[in-house]
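Please keep the sequence and the model in view while reading.

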Amino acid sequence: DKAPSFTALTTNGTVNFPEDYKGNWVLFFSHPSDFTPVCTTEFMTMASMEEEFRQMNVALPGLSVDSLYSHIAWIEELEWKGMKNIKINFPVIADLNTKVSTLYGMLQPNVSSTQAVRAVFVIDPEGIIRSITYYPLTTGRNFAEIKRMIQALQKSDETHNSTPANWQPGDDLIISTPVTVEAAAAGMASTCENEYALDWFLRFKKDKA
């Protein structure tokens, strides 16, 4: 689906979402609250990985159901006391009226009506939502895995192939399953040196990148 549009204040100024990010991949994530321990570890991790994501053409807007001033104070606190001397450059959306978090399904009443869950939306350069992941309030996110998922989506878009379980950049890719008997037979008979088959429905291709 198209990512729902909204305009909001952030720690980096006003944003028109997702229009301002057209041409970029977007990792749009929500956290329950400022000045909380799990969220603190997540923000420090995100800040340490920001350059890695930037090199992948991935922007990192965040959100919580807190005020702009709360966000600013928390970021200042993290930058002053953070052990890694990390700067938090990505914008954090202020959503005190819960308009954006409601629009994106980040509020789940059976968990909390005042805190956004740990949601992760991956949005492609055309503004299409490609992945939605929810984490429990008590569980910090694995941002290395989120990065890997975006890398896999980008690779699939680039090559029109799929990625197998535990795929890492450079690993072999899965060729799309044939949908006719003729195509299945042709795939099994292929002599292409970069391709191999374990069965007619499970064929792999070497990644040249």
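Does Glu145 count as buried, partly exposed or exposed? Glu145 counts as partly exposed, at 32% relative accessibility; buried means under 20% relative accessible area, exposed over 50%, and partly exposed in between (1.4 Å probe, protein chains only).

## Basis of the values

The model is predicted: local features need pLDDT of at least 70, side-chain atom pairs count only at pLDDT 80 or more, and totals for chains, interfaces and linings use all residues. Residues are numbered from 1 along each chain as its sequence is written, and side-chain values use heavy atoms, with hydrogens and water left out.

## Nonpolar cores

A nonpolar core is taken here as a set of buried Ala, Val, Leu, Ile, Met, Phe, Trp, Tyr and Cys residues joined through side-chain atoms within 4.5 Å. The largest such core has 27 residues, and Leu27, Phe43, Phe53, Val58, Leu60, Phe90 and Ile150 have the most contacts inside it. Two or more of its residues come from each of strand S3 (25–30), helix H1 (37–55), helix H2 (68–81), strand S7 (118–123) and helix H4 (143–159). Helices (H or I, at least four residues) and strands (E, at least two) are DSSP runs, numbered from the N terminus. H1 gives the largest share of this core, 7 residues.

Leaving aside residues up to four places away in sequence, Ile150 touches Trp25, Leu27, Phe53, Met56, Val58 and Val122; contact means heavy atoms within 4.5 Å. A second, separate core has 19 residues, among them Val15, Ile93, Val100 and Met106.

## Cysteines

The disulfide count is 0, where a disulfide is a pair of cysteine sulfur atoms within 2.5 Å. Cys39 is buried, at 1% relative accessibility, whereas Cys192 is partly exposed, with a relative accessible area of 34%.

## Nonpolar surface patch

Met188, Trp200 and Phe201 make a nonpolar surface patch of about 320 Å². Patches are made of residues with over 30% relative accessible area and no salt bridge, with like charges joined within 9 Å and nonpolar side chains (Val, Leu, Ile, Met, Phe, Trp, Tyr) within 5 Å. Accessible areas come from the Shrake-Rupley method with a 1.4 Å probe; for residues, only the protein chains shown count as cover. Trp200 lies in the loop between strand S10 (195–199) and strand S11 (202–205), and its relative accessibility of 43% makes it partly exposed.

## Salt bridges

The whole structure holds 13 salt bridges, each defined as a side-chain nitrogen of Lys or Arg within 4 Å of a carboxyl oxygen of Asp or Glu. In one of them, Glu126 pairs with Lys22, with the closest N and O atoms 3.3 Å apart. This pair links distant parts of the chain, 104 residues apart: Glu126 is in the loop between S7 and strand S8 (129–135), and Lys22 in the loop between strand S2 (13–17) and S3. Glu126 is partly exposed at 49%, while Lys22 is exposed at 57%.

Glu42 forms a salt bridge with Arg141, the closest N and O atoms being 2.8 Å apart. Here too distant parts of the chain are linked, Glu42 in helix H1 and Arg141 in the loop between S8 and H4, 99 residues apart. Both Glu42 and Arg141 are buried, and a network of salt bridges links Glu42, Arg118 and Arg141. Within helix H4, Arg148 and Glu145 are 3 residues apart, and therefore separated by about one helical turn; their side chains meet in a salt bridge (2.8 Å, N to O). Arg148 is buried, at 17% relative accessibility.
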